[in-house]
Each structure stands twice: as C-alpha cells, then as structure tokens.
Amino acid sequence: MDFTSIFGDYTAIAPMIILLIGALVAPGVHLLGKKRTATWGFALAVVIVSMVINVLMLVDGWTGSTLGMVYYTDYSGLMMLLFQIVLFLAVVVSNASVETTRFNVGAYYALLMAASTGMMFVAGSQDLMMIFVGVELTSISSYAAVSMKRNDARAAEAAVKYVIIGGMSTALTLYGISMLYGLTGTTNIAAIAATTSITGISFVFGIALVAMIAGYGFKIAAVPFHMWAPDVYEGAATPVSLFLATGSKKMGLSVFFQIFLIMFVSGTACAKIAGPEVQYLFAIIAAVTMTVGNIVAIAQNNIKRMLAYSSIAQAGYILIVMAVMSEYALSAGLFHMFTHVFMKGGAFLVVGALICAGIGEKISDYRGLAKRAPFMAAAMMLFLFSLAGIPPLAGFTSKFFLFSSTMGVGTAAGISLESQWIWLAFVAILNSAISLYYYARVVKTMYVDTGESAERIKVPAAFTVAIAICLVAVVVLGVYPQLIFDLCETASHALLFA
Amino acid sequence: MDFPILSLLILVPMIGAVLTLVMGGGRQKSAKYVAAAFSAVTLVLALFVLFNSDSFSSMSESYEWIKTDFVSISFSLAVDGLSILMVFLTALLVFLVVVFSAEAEEVETDRPNYFHTLLLAMEVGLMGVYMASDYFLFYVMWEVTLIPMYFMISWYGGPRRHYAAIKFFIYTHVASLVMLIGIFAMGFKAAEVTGVVDFSFASIATVMHGVEEGFQALVFALLFFGFAVKMPAVPFHTWLPDAHTEAPTGGSVLLAGVMLKMGSYGIIRICLEALPLGASYWQWVIIAIGLVSIVYGAYACIAQKDLKKMVAFSSISHMGMVMLGIGCLSDAGITFAVFQMFAHGLITAILFMVCGMTGHKVGTREIPLLGGLAGKMPVYATFMMFAFMASLGLPGLVGFWGEFPVIFAFYEFIVANDMLWLLLFCMLSLMLTAGYYLWAMQRTLFGPETTKIDLSHAHDVSKTEFAAMAVLCVLVAFFGMWPDAALQFIEPYTDGLIDILGVI
C-alpha cells in the first residue's frame with residue numbers, strides 16, 4: 001500500500017497523529033454525548049484504527065521519517081504495536097470496570113491515548129531531547145490517570161508518590177542529557193556516539209550516563225529505583241495499573257535500548273572504550289532487580305502488589321539484554337516484552353474483572369475461586385505459570401530465548417559460547433524458581449483452598465473478551481513463537497545495524 | 001512408515017485430557033470411561049510400536065518448529081531400544097492406574113474428571129520425554145510432567161499435601177533449570193561449529209564428541225544434577241518421601257513407576273550419549289552416589305513406620321542400583337541398569353497400589369498399628385507378599401534380573417580397579433533390603449490380628465484393583481522367567497552406546 005500518498009510527510013507519525021487527535025477529541029465527544037459507552041466506543045475505534053494502520057505499515061516494511069525527527073523503522077513500528085496492544089487491553093475493559101464509574105471518562109481516555117502517543121513517540125526518536133519530550137508526555141498523562149480515582153486515599157498517595165519520584169527522575173535525566181550536550185554539542189544519539197568515539201570517554205561522560213541510567217531506571221522500576229511501583233499499581237484503577245505495568249515500563253526499557261545499545265553496540269570505537277563497565281553496571285542492576293522483585297513478592301498479601309513486584313522482577317530479566325548487548329539478546333528481550341504484555345496484562349485483567357464481581361485484592365480473597373469462576377481461575381493460573389516460565393506457555397519460550405542469550409553471543413558474524421554472563425543465567429534461573437513459589441501459592445489458593453462462598457461469579461463480558469485474547473496469545477506464542485519472534489529479529493537488526 | 005504413530009502416542013492422551021477436562025457437572029463420574037478408552041488406545045499404539053522393533057528408525061518423525069536467525073528447533077520424535085520400554089511402561093501404567101482407581105474413594109469424592117485429566121496430561125509429558133530427540137522438546141515435555149503431578153498431590157493427596165506438592169514442584173523445577181543451563185551451553189558450543197544453535201540431539205552429540213574433556217565434564221555436571229534430583233539420588237532425594245507419602249495412589253504409581261525413570265533415562269540418553277568424556281570424568285562420583293543411595297535408601301527403610309514411606313525409600317535404593325549400573329560404563333552395567341529401570345517400574349507399581357490399599361481399606365498405613373491382615377484380607381496379602389518378594393530380588397521374578405546382573409557388572413568393574421571391598425556396600429544393601437521387607441511383612445500381614453485399629457470395615461481387593469495388580473504380577477513373572485523379552489530391545493541399544501563410550 002502506498003502510505004505516503006495518504007498521509008504525505010506525516011506517514012511516519014500517522015499512527016501517533018490518529019491517537020493524538022483521538023485524545024484531543026475524546027473530551028469533546030464526552031461533553032456532547034454525555035454517554036460513557038459512546039465515549040468508550042469512540043476511544044476504542046481510534047485505538048483500533050491506529051493499530052490497523054501501524055500493523056499494515058509494519059507488515060509492509062515501510063520505513064521513513066517525518067522532518068528527520070521521528071523515524072518509522074522496523075524497530076519503532078514493533079514497539080508502537082506493543083504500546084498499542086497495551087492501550088487496547090486497557091481501553092477495552094475500562095467501560096465495564098467498576099473502578100472507572102466515577103471517572104470523567106472523556107479526560108480518562110484522552111490521558112491514556114496521550115500517554116500512548118508519548119510512548120510511541122519515544123520509540124520513533126533518535127535524539128535525546130525527543131526521547132525526553134516523549135517520556136514526559138507519557139509521565140504527565142500517567143500521573144493524572146493514576147489520580148483519577150478521586151476520594152480514595154490510596155490513589156492519592158500513589159499519585160503523589162508517582163509525581164514526586166517521577167519529577168526527580170526527570171530532573172536527573174535532564175541533567176545527564178545536558179552534560180552530554182555540553183561534551184559533544186549534539187543530542188542526536190548516533191552523533192554523540194560518533195563524537196565520543198573520537199574524543200574518548202571522559203569522567204563527565206560517565207556521570208552523564210549514570211544520571212541517565214538512574215533517571216530512566218525509575219521509569220522501568222529497576223532496583224533501587226523501584227519503590228514507587230507497588231504503591232502506584234496498588235492505588236491506581238486496575239486498567240491504569242495494567243497500562244503502567246505493561247506499557248510505561250516497556251517505554252523505559254525501549255529508551256535503554258535506543259540510547260545505550262546504539263551507543264555501545266552499533267557505535268564502533270565507543271564500544272571498545274566504555275562497553276564492559278556499562279555492561280557490568282547493567283548486569284548488576286539486572287541481577288539485583290530480579291532478585292529483590294522476586295523475594296519481596298513472596299511477602300505480599302495483596303495481589304496487585306505481588307504483581308507489581310513480579311513485574312519489577314520481569315524488568316530485571318529484560319535488563320539481561322543490556323548486560324549481554326547482542327543482537328540475539330535484543331530479539332529475545334523484545335519477544336519477552338511482548339509475552340510479558342499478555343501474561344502480566346492478562347493477570348491484571350483477571351484482578352480487575354474480579355474486583356467488578358466484588359472480590360477483593362487480597363490473595364486470601366481468591367480462596368475457592370476455581371469453583372466460583374472456573375474460566376477466571378484457569379486463565380489466572382495459566383498467566384501465572386507463564387510468568388513463572390513453565391512450558392509450553394509463552395513466558396517459557398521467551399525466557400528460554402532470553403536466558404539462553406546470556407550463554408553466547410549471536411551476531412551477524414557468527415555464534416560463540418561466552419562464559420562471561422553465565423553467572424547472570426544462574427541468578428536468573430534461581431529467580432525463576434523463587435517466583436514459582438509465590439505464583440504457585442496463588443494457584444493453590446484458587447484451586448485447593450475452599451472459600452466461604454461457593455456462589456458463581458459473573459464478570460463483565462468485556463473483561464472475558466480481553467482475557468481470552470491474552471490467553472490465546474499466551475498459548476499460541478508459547479507453542480508458535482515465530483509469529484512475533486521473526487518481527488523481533490527484524491526489529492533488533494534494524495535498531496542495531498540500520 | 002508414513003503413519004505418524006509417535007505423534008499419535010502424544011496426541012491421543014492429549015485429546016483424552018481435554019475431553020475429561022470439559023466433562024464437568026453430572027458427567028464427572030463417567031470421565032473414567034473416557035480416560036480408560038484413551039489410555040487403552042495409547043497402550044495399543046505403544047504395543048504396536050513395541051512389536052515392530054525392526055522398523056524403529058523409519059518411525060522417527062521430525063517437523064521444523066522454530067527457525068530464527070540464530071536458533072533452530074524441531075519437533076522430533078524417535079524410539080529405540082532404550083525408549084520403547086519406557087514408552088510401553090508409561091502407557092501400561094497409566095491405563096492400569098485408570099483401572100485401579102475406578103472405585104477409589106480419594107478420587108471419586110472430589111472432581112473425579114480432573115484426576116483423569118491430570119493422569120492423561122502426565123502421560124503426554126512422559127511420552128514426550130521418552131521420545132523427544134530435540135532438547136527444546138525434551139525440556140518442554142520434562143516440565144509438562146510437573147504441573148499435573150503438582151495438582152495431583154495438592155488435590156487428591158494426604159493431610160500435608162500442600163507442603164509436599166510445593167516441595168516437589170520447587171525441587172524438581174530448580175533441578176531442571178540447572179539442566180537447562182547445561183543445554184544452553186551445549187547448544188552454543190555446538191553452534192560454534194555448525195553456525196546455528198540447533199537443539200536436535202543428533203547435531204549436538206556429533207559436535208560434543210569432539211569437544212575437550214573439561215567442557216564435557218562441566219556440562220555433564222549441570223545435566224547430571226538435573227537428572228539426579230529427579231531419580232532421586234542421595235543427597236538430593238528429600239522431596240521423594242514427602243511427595244509419596246502425600247500423593248494419591250495413582251499419582252504415586254506414576255511418580256515411582258515412570259517419572260523417576262526420567263532421571264536415569266536422561267543420564268543415559270543425554271549425559272552418556274552426548275558427553276562420553278564427561279561420563280568417564282565423573283565415573284567414580286556416579287558410582288559413589290549409586291552406592292550411597294542403595295545403602296542409605298535401604299537403611300532408611302528399616303526406620304520407617306509408614307508403609308508407603310518405606311516403599312518410597314526402597315525406590316531410592318533401587319534407583320541407586322540403576323545409577324550403579326550406569327556408573328560401570330560397561331555393556332553389562334548399562335544393559336541391566338536399563339532392565340532395572342523397567343523392572344522397578346513394574347514392581348513398584350504393585351507396591352504402591354498395595355500401600356495405597358492399606359491406607360484406604362484399613363484406615364492407616366502405620367506399620368506398628370497393623371498386624372494379622374493376612375487372615376482378614378488374603379488376596380491383598382498375597383499381592384503384597386508377591387510384590388515384596390519381587391522387589392527384594394527373588395530369582396524367577398523380574399527384580400532378580402534387575403539387581404544381580406548389575407552387581408555382577410559392578411563386581412567386574414571393581415575387580416578391574418582392585419577395589420573389591422566396595423562389594424561390601426552391595427552385600428549390605430541386599431541384606432538390609434531382605435530384612436526390611438520381611439520384617440514389614442511379618443509385622444503387617446502375620447501374627448495375631450491387630451486390636452489397635454478397627455478392622456471391621458476392612459474388605460478385600462475389589463475387582464478393578466485385582467485386575468490392575470494381576471496384570472502387573474503376570475508381567476513381573478513373565479519377564480522374570482524370560483528376561484530376554486526385554487533385553488532383546490536393550491542390547492542393540494547398549495552396543496551402540498558402548499561404541500560411543502569407546503571414544504574414551
């Protein structure tokens with residue numbers, strides 16, 4: 001299809017523009033119609049249109065840029081697809097969720113769409129300032145989305161924490177960027193890498209890197225910058241928690257990939273100077289993040305907090321990519337990001353659906369769920385087992401690729417066994433085993449324990465549909481990973497060697 | 001042969017599992033007929049493969065599964081002399097467990113259809129493990145066996161079932177993850193030569209045979225750990241007694257009968273076949289673990305008060321015998337180690353059925369509370385005696401051919417190495433084994449009828465239970481009289497394996 005003839009110079013940002021227009025129009029639609037469902041239908045339609053256009057462009061292999069500022073590549077297209085899937089899952093259930101009944105839904109959908117636009121913008125950027133702007137668009141929209149649950153102390157606490165910590169991380173990031181600009185006179189990532197490869201690494205350059213790692217580390221809730229995540233995921237409405245845990249976190253990871261992998265893998269001489277130190281730094285962050293996430297998750301009684309810690313741990317797994325820094329690892333990491341959207345998203349959806357049916361957020365509230373809501377319990381079990389990495393589910397397959405990438409370096413030049421990161425593989429598998437403990441505990445609560453009530457539960461149809469989508473994805477991607485993995489390989493090649 | 005019979009061995013139980021899963025509500029009770037039908041079909045298919053041993057090589061299947069820039073994974077299945085006995089044993093035991101559990105209370109009271117789903121799901125995994133010839137598939141199937149077993153213990157098990165189930169789950173999961181790292185290492189090492197991480201058994205083994213000893217030994221250790229926990233070998237055995245004590249009878253039968261064999265199967269299929277230098281490097285460690293297992297297992301049996309726990313420890317002892325046979329790295333040693341796997345699978349199935357019956361017919365499995373059951377339940381007592389005799393290695397029954405030739409192979413090995421005193425361990429274990437079985441028999445079956453428990457409701461073996469155990473007893477006697485019926489499959493396989501190990 002000739003996309004350029006339809007969208008002209010704006011083809012590269014067409015999926016974003018549509019979402020942004022949707023975000024601007026949504027409050028108006030709500031104001032005029034005064035109908036929650038109509039607004040929801042409008043938002044859903046916008047998301048689907050944007051997604052369809054993106055999928056068509058991605059499959060077509062269209063590449064190009066708008067004004068040389070936002071680029072549509074195989075990588076950014078894939079990441080945009082991921083963010084759109086997250087947005088879709090969040091929007092589909094928002095109308096049915098009881099947690100959003102008091103929301104001003106016009107503003108709510110506008111915020112979600114604006115946040116997604118920011119994420120997609122980040123994926124398409126190759127310049128530190130552009131990335132910064134995209135991240136801020138997402139962050140500010142998310143702060144507001146978290147705080148929409150008015151008259152709820154937990155939500156207010158969450159929002160305040162989120163704003164303060166988010167603001168701090170923004171400041172740190174900006175500080176780092178400004179130092180890099182001072183050193184190299186540019187904010188273009190490739191240009192920074194090229195300049196640095198001539199001038200060499202200075203002490204200030206190191207400080208700038210650390211500031212940026214810390215700043216964006218907040219976004220992905222890497223330990224020790226993770227404190228806000230459990231409070232925010234617990235306090236926000238479940239569709240928003242889903243959106244943040246699966247979407248906003250992926251944006252942070254994408255930023256890492258886009259900045260550091262381009263600097264250290266595709267930038268030639270630069271890699272030889274600063275590579276190992278940065279790799280070790282990331283390896284330690286990855287190991288600590290997954291370990292802390294998993295261990296603290298064991299102690300949680302609230303299912304949303306448990307899922308929050310588990311997603312901290314999952315971010316730790318994905319950070320393996322930053323330690324290994326190979327093409328194969330990046331493909332595996334991208335693939336894990338996709339499977340994580342479906343399994344973690346699915347788990348949050350089950351929680352949200354059960355809240356609608358009057359079941360609390362405590363793990364003990366799930367006693368005897370298998371008899372009360374067989375489909376919900378089965379879905380939750382499969383999502384949790386997938387998160388734990390039990391075959392033949394998607395989480396296993398993606399972990400298989402991701403963990404195996406620590407053992408060897410696969411590049412276009414060939415494959416060789418490397419022993420450098422084997423310790424990281426051991427840390428990762430031990431963590432997998434730990435995680436099995438708390439996931440299995442929830443499964444046990446649902447299936448083995450008997451609850452006070454044996455009444456059947458009805459959940460809204462929208463939730464059932466969204467959960468079914470996630471369930472199909474988790475099973476299909478587990479058995480037939482190539483469906484997405486091929487795209488991930490193309491994307492990682494595009495990011496590293498384009 | 002174009003007919004994909006090996007895939008069917010996986011597919012048929014899978015369909016059965018799905019069917020029984022959806023048989024909710026009023027149809028729960030009839031799930032057992034569905035399960036019986038599907039496991040019977042699987043058994044027939046397995047027998048068909050067994051009796052067509054000439055065409056094993058033409059049965060193997062391979063379909064491309066995942067193919068990326070760096071990784072190549074195929075769905076490949078194959079049978080040979082080593083796997084066919086395990087495939088047969090799996091199909092047989094699953095069918096017999098369905099028959100045996102037809103009237104079992106522990107199953108019938110709570111969602112009986114799920115019990116059969118779990119059984120058939122486990123069969124899928126077991127069949128997959130024994131037939132896989134691709135590491136990815138092997139690992140997937142290896143883990144697939146875990147979840148049904150976890151649920152079987154935590155749903156249908158005894159009072160401490162949650163603890164036992166999670167312990168079983170975590171222990172074996174950690175072990176298999178360590179194994180996974182070994183698999184990764186082999187995959188990438190092989191990829192240095194072949195250019196792509198190809199996880200098929202054949203392509204990895206070819207490269208591995210040429211790799212230096214240090215690497216082989218390292219990877220061997222990782223894989224061996226995974227398998228040894230599953231077997232289980234002392235000191236990684238502590239999950240087994242708990243799992244067995246709490247598992248329902250059907251679960252125990254499969255756990256001891258075929259799931260433990262996954263460990264020894266993995267050692268032979270992967271550790272020995274792919275890493276011959278690693279095997280010779282660790283030979284004494286394997287032997288030491290084998291010796292400690294046979295003696296410790298037997299010794300612990302004496303102290304047990306719970307009949308089922310005693311049988312569980314005896315499994316550790318008997319699997320130690322398998323480990324010892326493998327450790328000899330000789331033709332006779334490995335041949336009879338495999339035979340012992342098969343023999344133990346048959347015998348232990350009867351043993352666990354008998355123990356399970358003790359539990360739900362008499363009401364307790366505590367040996368000190370039992371006594372004089374032979375008078376009250378003669379048929380039950382006959383089966384128990386038969387199983388005990390078979391297990392302690394009475395000549396003429398299958399257990400004899402599992403144990404004594406292994407000890408003989410070990411004798412040859414230690415004579416060659418001038419370490420004859422090690423034979424004392426074997427002697428000790430044999431004596432202990434005879435001792436605990438006879439003592440247990442004496443205390444439970446004979447003597448005056450116990451007054452410590454109420455025996456008025458105890459009734460003898462039911463028809464389905466009788467049928468299941470009778471089939472096993474016939475097989476135990478048959479293979480005891482004519483061990484060649486099984487050895488004819490194993491010997492050609494070990495001949496080939498010895499050629500590989502001859503690289504040493």
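## One helical turn in chain B

Glu273(B) and Arg269(B) sit 4 residues apart in helix 13 of chain B, so about one helical turn separates them. Helices here are DSSP runs (H or I, at least four residues), numbered from the N terminus. An α-helix has 3.6 residues a turn, so residues three or four places apart point the same way.

The two side chains form a salt bridge, with their closest N and O atoms 2.8 Å apart. A salt bridge here means a side-chain nitrogen of Lys or Arg within 4 Å of a carboxyl oxygen of Asp or Glu. Glu273(B) counts as buried at 17% relative accessibility, and Arg269(B) counts as buried at 8%. For these labels, buried means under 20% relative accessible area, exposed over 50%, and partly exposed in between (1.4 Å probe, protein chains only).

## About the model

This is a predicted model, where local features need pLDDT of at least 70, side-chain atom pairs count only at pLDDT 80 or more, and totals for chains, interfaces and linings use all residues. Residues are numbered from 1 along each chain as its sequence is written, chains are lettered from A and ligands numbered from 1 in the order in which they are written, and side-chain values use heavy atoms, leaving out hydrogens and water.

## Salt bridges in chain A

Over all chains, a search of the whole structure finds 17 salt bridges. One of them joins Glu234(A) and Arg305(A) at 2.6 Å, N to O. Glu234(A) belongs to helix 10 (residues 228–235) of chain A and Arg305(A) to helix 13 (residues 303–318) of chain A, so the pair ties together parts 71 residues apart in sequence. Both are buried: Glu234(A) has 13% relative accessibility, and Arg305(A) has a relative accessible area of 18%. Salt bridges that share partners link residues into one network, including Glu234(A), Arg305(A), Asp231(A) and Lys304(A).

Now look at Arg367(A) and Glu452(A), whose salt bridge has its closest N and O atoms 3.9 Å apart. Arg367(A) lies in the loop between helix 15 and helix 16 of chain A, and Glu452(A) in the loop between helix 19 and helix 20 of chain A, so this pair ties together parts 85 residues apart in sequence. Arg367(A) is partly exposed at 34%, while Glu452(A) is exposed at 79%.

## An enclosed helix

Back in chain B, how many of the residues of helix 12 (residues 239–246) are buried? The count is 8 of the 8, so this helix is largely enclosed by the rest of the structure. Among them are Trp239(B), Leu240(B) and His244(B). The buried residues of helix 12 pack against several helices of chain B, including helix 9 (161–194) and helix 13 (249–274), with contact meaning heavy atoms within 4.5 Å.

Notes. Helix = DSSP H or I, 4+ residues; strand = E, 2+ residues; numbered from the N terminus.
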